[in-house]
Amino acid sequence: MKPQSVGKFIFVNISINRQKNGNTRTIEFWVDFQLIHQGYPTETLVRFLKARDGNVSKAHKMLVDCLNWRIQNEIDNILAKPIIPMDLYRAIRDSQLMGMSGYTKEGLPVIAVGLGLSTFDKASIHYYVQSHIQINEYRDQVILPYATEKFGRHISSCVKVIDLTGLKLSALNHIKLLTVTSTIDDLNYPEKTDKYYVVNAPYICSACWKVVRPLLQERTRDKVKFLPGCGREDLLEIMDYASLPHFCKREGSGSSRHSSNGTTDNCFSLDHAFYQQLYDYIKQQAALMEAPIKQGSFHVDFPEPDPEGAKIAETIESEFQRLGGSERAFQLST
């Protein structure tokens, strides 16, 4: 059934299965997807259409599946579920290196990802998935609406700068988690990243990219750009110096967890303004729910990767194993 509009609201028909006493009952209802479209329903529908190459029926199914996922996993409440105690959240931040460093000249948020030095070894996979989705939701509910108002035009996507400093063969241990988070993004947050800029890439990643690139759709291939070194000069064409991630501000600086200017300049740090604001927001949302805050991760159903995603993950793993023993494998690519 197609989406229906009532005034400024757009509703989508959803059916979910509920089990009780061994019996399955299907419940149908109409739901508004305000938290997804944030006041721009037409532009949001276009995002889902792009993600399915203009196929209306596939785009509609994708949207309905996304809403089902949000309902069944209570994603609308995830920003009211702080990860506690604080020591655990700090450990997650120190091992899942991700943050926001500023905006491009066009107003797109700059999300930095320290993939090379992320260890993902301080908590269960559920905590890392929870943290990842919370950053997605905070971006969509707070950061993007703020950017839209600040820059005077609708902004619905970001750019990501991915730092591969310190990448090792042990990164293969993270394939499952990275596949889960990337699949969640592909299925439920389509077209939210305008460009992926890869910096400090060792030779093995450039070699893998040559093999993986033909497996990707053209739309995805065009989003990925490998930059020489730390990417500073290229990135300064699209953003001011102040918005550069800390690992791009000095050639050879790498993706250290503590920059020369202290943790306030390191957008991966819990002490950075981005995380201070994010965590304060989560605590405020939790207080509004007037429910006791419980320790424990927020469990989300892990979606199965599509055949294309599974093949890409297998190809990356195969190439890493094939090239990992080479002397130059983890040297900086030129």
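Modeller: Happy to. This is a predicted model, with local features needing pLDDT of at least 70 and side-chain atom pairs counting only at pLDDT 80 or more, while totals for chains, interfaces and linings use all residues. Residues are numbered from 1 along each chain as its sequence is written, and side-chain values use heavy atoms, leaving out hydrogens and water.

Biologist: What share of the contacts in the protein chain with a separation of 6 or more comes from residues 24 or more positions apart?

Modeller: A contact here means heavy atoms within 4.5 Å. Take the pairs with a separation of 6 or more, then pick out residues 24 or more positions apart: their share is 73%.

Biologist: What percentage of the 334 residues is buried?

Modeller: Buried means under 20% relative accessible area, using a 1.4 Å probe and protein chains only. By that cut-off, the protein chain's buried share is 47%.

Biologist: Which domains each give at least three residues to the lining of the largest cavity?

Modeller: A cavity is a set of points on a 1 Å grid over the protein atoms alone where a 1.4 Å probe fits but cannot get out, and lining residues have an atom within 4 Å of a point. The largest cavity holds about 50 Å³ of space, and its lining includes Leu35, Arg47 and Glu137. The domain bounds come from an automatic or database assignment, and the two domains are domain 1 (4–8 + 22–73) and domain 2 (79–250 + 264–287).

Definitions and conventions
Buried < 20%, exposed > 50% of the residue type's maximum accessible area, 1.4 Å probe, protein only. 1 Å grid on protein atoms, 1.4 Å probe; cavity = no way out; pocket = protein on both sides within 12 Å on 5 of 7 lines; lining within 4 Å. Points joined across faces, edges and corners; volume = space filled by probe spheres on them.
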